[in-house]
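Welcome! Take a moment to look over the sequence and the model, and then we will walk through a few of its features together.

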Amino acid sequence: MRSAFRLPRHHSKKTGTPPGTLIYTGEKKVDKARISIMEYDSSEYSERVVEDFESCLPIKEKPTVTWLNVVGLSDIGMLERLGKEFGLHPLVLEDILNVHQRPKLEDFGDFVFIVLRMACHDGEAGELRMEQMSIILTEDCVITFQETEANVFDDIRKRIREPKGKMRRMGADYLAYALIDAIVDGYFIILDYLGQRTEALEMELVSDPVPETLHEIYRLKRDMIFLRRSVWPLREAISALDRGGSSLIREGTELYLRDLYDHTIRVIDAVESIRDVVTGMLDVYLSSVSNKMNEVMKVLTIIATIFIPLSFLAGVYGMNFEDMPELGWAHAYPVLLAAMAIVGIAMVVYFRMK
Amino acid sequence: MRSAFRLPRHHSKKTGTPPGTLIYTGEKKVDKARISIMEYDSSEYSERVVEDFESCLPIKEKPTVTWLNVVGLSDIGMLERLGKEFGLHPLVLEDILNVHQRPKLEDFGDFVFIVLRMACHDGEAGELRMEQMSIILTEDCVITFQETEANVFDDIRKRIREPKGKMRRMGADYLAYALIDAIVDGYFIILDYLGQRTEALEMELVSDPVPETLHEIYRLKRDMIFLRRSVWPLREAISALDRGGSSLIREGTELYLRDLYDHTIRVIDAVESIRDVVTGMLDVYLSSVSNKMNEVMKVLTIIATIFIPLSFLAGVYGMNFEDMPELGWAHAYPVLLAAMAIVGIAMVVYFRMK
Amino acid sequence: MRSAFRLPRHHSKKTGTPPGTLIYTGEKKVDKARISIMEYDSSEYSERVVEDFESCLPIKEKPTVTWLNVVGLSDIGMLERLGKEFGLHPLVLEDILNVHQRPKLEDFGDFVFIVLRMACHDGEAGELRMEQMSIILTEDCVITFQETEANVFDDIRKRIREPKGKMRRMGADYLAYALIDAIVDGYFIILDYLGQRTEALEMELVSDPVPETLHEIYRLKRDMIFLRRSVWPLREAISALDRGGSSLIREGTELYLRDLYDHTIRVIDAVESIRDVVTGMLDVYLSSVSNKMNEVMKVLTIIATIFIPLSFLAGVYGMNFEDMPELGWAHAYPVLLAAMAIVGIAMVVYFRMK
Amino acid sequence: MRSAFRLPRHHSKKTGTPPGTLIYTGEKKVDKARISIMEYDSSEYSERVVEDFESCLPIKEKPTVTWLNVVGLSDIGMLERLGKEFGLHPLVLEDILNVHQRPKLEDFGDFVFIVLRMACHDGEAGELRMEQMSIILTEDCVITFQETEANVFDDIRKRIREPKGKMRRMGADYLAYALIDAIVDGYFIILDYLGQRTEALEMELVSDPVPETLHEIYRLKRDMIFLRRSVWPLREAISALDRGGSSLIREGTELYLRDLYDHTIRVIDAVESIRDVVTGMLDVYLSSVSNKMNEVMKVLTIIATIFIPLSFLAGVYGMNFEDMPELGWAHAYPVLLAAMAIVGIAMVVYFRMK
Amino acid sequence: MRSAFRLPRHHSKKTGTPPGTLIYTGEKKVDKARISIMEYDSSEYSERVVEDFESCLPIKEKPTVTWLNVVGLSDIGMLERLGKEFGLHPLVLEDILNVHQRPKLEDFGDFVFIVLRMACHDGEAGELRMEQMSIILTEDCVITFQETEANVFDDIRKRIREPKGKMRRMGADYLAYALIDAIVDGYFIILDYLGQRTEALEMELVSDPVPETLHEIYRLKRDMIFLRRSVWPLREAISALDRGGSSLIREGTELYLRDLYDHTIRVIDAVESIRDVVTGMLDVYLSSVSNKMNEVMKVLTIIATIFIPLSFLAGVYGMNFEDMPELGWAHAYPVLLAAMAIVGIAMVVYFRMK
């Protein structure tokens, strides 16, 4: 699993176009948009997948809860028709298609528009990826928009299919809550992974820091910067939903929203903790490198300090002066060798003590 | 005593489950849940321990204050029955079992739910550990939930047993206050220990910084990051209790809550002080290492600067040119030796002056 | 494209003059001021360019929307006449001319005065430049002031010319919104460029940091400091417009202003992200340099540690003592060579292991 | 004068005791508590010192202002009697005895309780010390509690003794103000001392940074951390007194409290300024050490670069090959010496230029 | 122009004195206080200078605007008489004399008291200096207090003398505004100078950082710390004047105050920008020094790595063993020389490639 957070690539595709222009700014990943529709109330339940929006009209005949999950954002014509059907403002459609939004919540009175960033695994490369998820909540309908099918919603589908489940007894607001909760839960998985990566780096930092450790720390720090910018507005959005007093939120759901808000705070807490830890690691790395250099320098200094003076002595007695009386002295050579050995050993002892 | 703060391990066990699903996310430490019950008012007092929740029903027959202390969270069935008896919301039970909460307070009108993180010593390994303590305060009842028996409550039990003690004259709100106060007091013990560790490190930093000092500083800094994330929400929770105006808090207890809030502020103050001190230590360590390297380099430079030129001179007179007139000069050798000695001494003097 | 953000050059030209004194504090770039006028409503449309303000009077004969785009700020006489015609306060005219304002919005009741900083490319040198754009919004008129013609407005002109476009159906407030939106969009282009520069630097930092990398990081950091000081007040100004409740803002435009505010937040987010990334790069650079020095020192130490002792040995046997028995031993020379080789190889092996 | 700020030693003496338990947590410095009582109004004035609290009862017979200055906190019995006489809550008495409080103000309606930290010199060792000063202000009475006699109040006593002084005309609230003002003034003395210490360090940093400079900077930084934690809550407490609208504060005193608040802000300003300066010094120190190492390395490199190649040359002509034609050339030796000199001088010139 | 910002020297002269004691805490610079009086309305105008306060009584006979400019603060007697005449509170007089105030504004109902810090050049030494300027604004009178004559007011005097100037038509509040505006404008001059100093340092940092560069950066950083502490409270004071709703501020002046506030914000912006830039410079300096050391180390390592092995070889063939067959081989010497040259060149090539 590698990080794939990128520096912002803004909607330069869109610069200069009038507001409300519908251009999908993301990477096209599916060829054909697909809508999966689940309709349920406490007694009934139906599920179907269509590729053509018109074929599922009229959406609502019965007072059930309907969940339209739109996968694939490049079919702009279909989105326009869907927007007209639900009375969505062109700016909302623009935000759904412009997949570089910050998480936000906007209350339009008869519907609430929520943008989230979902953390998910790319199936093929095992890469980590952030994907925009837009949610429209109306009185009895939830519409979700995304480019690729996210498996985080599988559990929710299962819970809807269960005839006796709580989901079947609650309204569209509870469904929206459950979807957001699943996305927030997704952050915990990333954080677990990042936490493990951090602890592995800490081990490395203590035992044997190498230049690669530095690059890993840097990459982790960078990931935390981007994750942080993703989760703080998430908190704001969910807090707005919690306190917002939208008429679409029924009384029984409020407690669940408070719990959701709580989870978001914990996500932020974890992000900030890892960020603080990683920031400290950079300083420790620098100190560790200095420590190692210190060790290297000490070795060099000891070797040089011992042998350079001895070499000088040897050099002196290698001079070719005609009149060097010591050269002829008896035992001069072994005495000199002994003196050198003593000096050398004395210095080793001295350094060891220091 | 070693630090055992870990990077967040989130409720990945729980990801994908519907809200209100009861799964204990901590480490199972006791085999069987146990409930110790104390009932008292100013005249009467009783105490018993049960392993089976049903056996203690009905809880309340007399208008006394009741303290249910639940030790062991893995018996989910018992918790569900207890929750039903006291009318607790499934999300509250979920939070009690999911032992990675941040400290928080939630006012449900007829009961107040408080989550705290308690600092305690692990009996066997002498390790430092954070454990979640959940407290439910109702009109005349306090329920505490924890995985292992905490000895911080021993003093409170003693005070309840004293017939003339203040505790006996006050209500459940005062008992809840006393329990939280005992937990906050526990932080002071950790802080004393961390303060001592910090001062020991400061000594080491000044006298002889070694690589191990760096790792100690880093560990301490890391502990402070996690402790900090634990005490700031504690402040919020207690502040909410203090100002909250819950109808469960009687007038006489308010002053004690203000005092408790005061203690929390002092815990935060101490945490922040130690954190600031530790942050400064990292910079000093780096400077100290540089200082030491500087010393080492100076020794090397002095030795090299003195002996390398002298060795060169000796090398010159060791050359084998046929026509080197100096070699035959009278006293050339002692004069050269003297000159070398003078140059060497002059350089030593020069370096000493610098 | 090079950065041309400068440290503040304040209005020292103006120090000591009474308030309301009209002096253009920028660099004079066009010789003659020029006013281009667009008048339109849903049915009619006219466009003309004048160099003389009087020639375009009376401005308003019909209840159309009028856009006066003033290019060139050094013709102070004309600005005074224009100010008198529209009832602008002398301090407003002063702010228009003093082109070192922070972005701001001032609501004067019958007109709103907005100062923005526009990011644009200098045609000749390809340099990046910030230019002040002042906007006056009245009931049915928008006046824009700038020193040089900005091409960011070309798209808006096109949209006005379209007979069926939304622009033609909306009032002056929507025109003002569209102009500001075009300026905010201009920031995304700069940010894309800076993001690319940052990622290129990151590559360099990992593969081969050179001193030039350091200067690039520093320049980038500096740019972010100034960009940041430009976009934060922009947010304030647009937020004031959004919530301000100015009577000049019609109901249908409010939603667009909210969208504009959203864009500004995203600009700030991107600026802060790049700033955080760049800040981390400085630390990594320093560590990288230390790493490289470490490598260099290791090479030196290994070479010195291997050869200095060997040289000493060679020096010993180069001494000229008369009585050095080893010199005469059979095979002494090859044995010594072999011993030297063994010592040397042993040390290489030792260092490799370490 | 040395710094004696310590890392927090919390009330571990008290952990586990019920709230309101009276234990003096400080160091016992005086054997016997002593109460000095001053009673005055504009016409009368009396002063006495008692060791026994009962002997001064009844405190109030006349409508004068009374100042009870309690020196010595280990006589808990006396404090309890005093508390009962004045109707003080047990938690207030606890806070007076637990001398590790943060500065705070609590308004109990009929009395105001203020805790301050007073900076004072230890008479014997000349050491700097923080001591807790608790102040109770009632309608016509001020009680101050401290462990040792503080000489900061000497001036106030003098002003009370002056029959025509302003003090005699004002009430108990003005006396309380004067006492707090004297304590705040005490901070200015510490700050003057710390400011001088900082400037001396700056000199050292520029002229000749030694390892001791580093430790001094660190100690100063540490002192600022603790001083900072002392003065910020002081500001809060005084601000609460200023705006609090306690009925005990008469109208004429309000202006003085505003002035006092102003002084506190200046104390904070000075603390923050010194802190900012000291923080910058650490970075400069590290750079200075690097600079010095750079100098040392340059010397080593120059010496080595000049002499190592020359020594190599001398070594070459010291080889004992039988057939080395240069050795026999006429003037080979002086020519080589000249060449060596030229190379050496050329390198010196080259390095000087660089 | 050198910086002369000093660490705080507090009013230790005053410690222990009762509040309202009048002691001038600054340096005495003028021998005799001097009052210059300007009286004007739209038709009349008079100007005189007195050294004796009594001689200018009664101040007000006509409903003109009066500006009393008091230069010299050591004549305390005169200040007391002036204070009595205008009904100033002793604490206000104390603040005027205690010239280490932070900028502040106090509204006393019938007069407003403003303290500012004025940046000015010391005439003789060309040094930069902060001087306290106190301003009293009453209904029809402005009194300014300063130790030395500031030339920043010369322009205002000129504007008053002009019979048709705006100044003559406006009241005392506009005069006060104009005086403060002149002082704020003075900051822009300092900031221009500091901005130039910063850009010069940046050049130096890139081209050739020397230890003096470090000290310059440090001095600049220090200046920014103090300037910052001066301008933030300035903003507060002016904001209080702007929004304060003092009855002394007439309607026409409000717009000018808003403009003044705007200027203050720009001063703060510039101070913060320079501060951010300077902070980044310290890190770059450290990296630059490391870079340079890296260069030096590389030279040393290359020289040592090339010549130490070669010297060893020469040493080997300088040994005096009797039986060294190579010494007698034909062409052994030139072959060895060639081998040495090849090894040396190979290493140079190798290093160049790296």
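Which residue follows α1(A), and is its phi positive or negative? The residue is A:G87, and its phi is positive, near 70 degrees. Please keep in mind that this is a predicted model.

α1 of chain A spans residues 76–86, and A:M78, A:L79 and A:L82 in it are buried. These three lie on the same side of α1(A), because the arc they cover around the axis is only 100 degrees. What do the buried residues pack against? Their partner is α2 (90–97) of chain A. Turn to the other side of α1(A), and you will find A:G77 and A:K84, which are exposed.

Next comes the place where two chains meet. Here 49 residues of chain A are in contact with 54 residues of chain C. On the chain A side, each of the following helices supplies at least two residues:

| Helix of chain A | Residue range |
|---|---|
| α6 | residues 211–243 |
| α7 | residues 251–316 |
| α8 | residues 325–328 |
| α9 | residues 332–353 |

The most comes from α7(A), with 18 residues. Sorted by class, this side of chain A has 29 nonpolar, 13 polar and 7 charged residues.

Finally, how are the two chains related? Chain A is superposed on chain C by a rotation of 72 degrees with 0.1 Å of shift along its axis, at an RMSD of 0.1 Å. That is the relation of a five-fold axis. Within chain A, A:G318 comes closest to the rotation axis, with its C-alpha at 4.8 Å.

How values were computed
Residues are numbered from 1 along each chain as its sequence is written. Chains are lettered from A and ligands numbered from 1 in the order in which they are written. This is a predicted model: local features need pLDDT of at least 70, side-chain atom pairs count only at pLDDT 80 or more; totals for chains, interfaces and linings use all residues. Two residues are in contact if their C-beta atoms, placed from the backbone, lie within 7 Å. Helices (H or I, at least four residues) and strands (E, at least two) are DSSP runs, numbered from the N terminus. Ala, Val, Leu, Ile, Met, Phe, Trp, Tyr, Cys and Pro count as nonpolar, Asp, Glu, Lys and Arg as charged, and the others, Gly among them, as polar. A residue is buried if 20 or more other C-beta atoms lie within 10 Å of its own, exposed if 12 or fewer, and partly exposed in between; C-beta atoms are placed from the backbone. The arc is that of the directions from the helix axis to the C-beta atoms. Copies are superposed by least squares on the C-alpha atoms of residues with pLDDT of at least 70 in both.
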